[in-house]
Amino acid sequence: MSSGSAIRGSRVGSSPMRPDERSEPAPRRQVTYFCAAGHDSIIWFAAEAANPDTWDCPRCGQPAGLDRSNPPGRSRAEPYKSHLAYVKERRSDEDAAAILAEALAKLRQRRGE
Ligand SMILES: [Zn+2]
């Protein structure tokens, strides 16, 4: 071994002494998810991590589940319900108008002060 050429000889990837030598990969396991469009996607999880029941399909974006015969996408056929629609469902339009009027009255009061 020649110590004189140590620096010149330390080319990337050539030395067994490199400190960033890969450590052992973390243990992982694969989970297969099925979406309503028939895609099966293999997702890798850390071995000790719990995998979720559903996962967005990487190919079509639909929710995918663990059960091939019953993918979760099918139950989501109805359009996404917005928060506003949800609120409207619980309150009649009349109520909403009353609440709005009340809010406006309060606002005017505050401005009048
Ligand atoms: Zn899909």
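Author: Buried means under 20% relative accessible area, exposed means over 50%, and partly exposed lies in between, with a 1.4 Å probe and protein chains only. This is a predicted model, in which local features need pLDDT of at least 70, side-chain atom pairs count only at pLDDT 80 or more, and totals for chains, interfaces and linings use all residues. Residues are numbered from 1 along each chain as its sequence is written, and side-chain values use heavy atoms, with hydrogens and water left out.

Reader: Is Trp55 buried, exposed or partly exposed, and what is its relative accessible area?

Author: Trp55 has a relative accessible area of 32%, so Trp55 is partly exposed.

Reader: How is a pair of aromatic rings described?

Author: The description uses the distance of the centres and the angle of the planes. Rings of Phe, Tyr and Trp (its six-membered ring) pair if their centres lie within 6.5 Å; planes under 30 degrees apart count as stacked, over 60 as edge-to-face and the rest as tilted. By this rule there are 3 aromatic pairs. One of them joins Tyr33 and Phe45, edge-to-face at 6.3 Å centre to centre with 65° between the planes. Tyr33 sits in strand β1 and Phe45 in strand β2 (residues 40-46), 12 residues apart. Strands (E, at least two residues) are DSSP runs numbered from the N terminus.

Reader: Are Tyr33 and Phe45 buried or exposed?

Author: Tyr33 is buried because its relative accessibility is 1%, and Phe45 is buried at 9%. The rings of Phe45 and Trp55 are also edge-to-face, because their planes stand at 90°, with centres 5.1 Å apart. Phe45 is in strand β2 and Trp55 in strand β3, so this pair ties together parts 10 residues apart in sequence. Tyr33, Phe45 and Trp55 form one aromatic cluster.

Reader: Which residues coordinate the zinc ion?

Author: Donors are N, O and S atoms within 2.8 Å of the metal (3.2 Å for Na, K and Ca); water is not among the atoms, so sites may look incomplete. Here the zinc ion is held by Cys35 (SG), His39 (ND1), Cys57 (SG) and Cys60 (SG), at 2.1 to 2.3 Å. Along the chain these donors follow the spacing C-x3-H-x17-C-x2-C.

Reader: What is the geometry of the zinc site?

Author: Four donors count as tetrahedral if all angles lie between 85 and 135 degrees. The 4 donor atoms of the zinc ion make angles of 106 to 116°, and the site is tetrahedral.

Notes: Tetrahedral: all angles 85-135°; square planar, octahedral: opposite > 155°, others 65-115°. Helix = DSSP H or I, 4+ residues; strand = E, 2+ residues; numbered from the N terminus.
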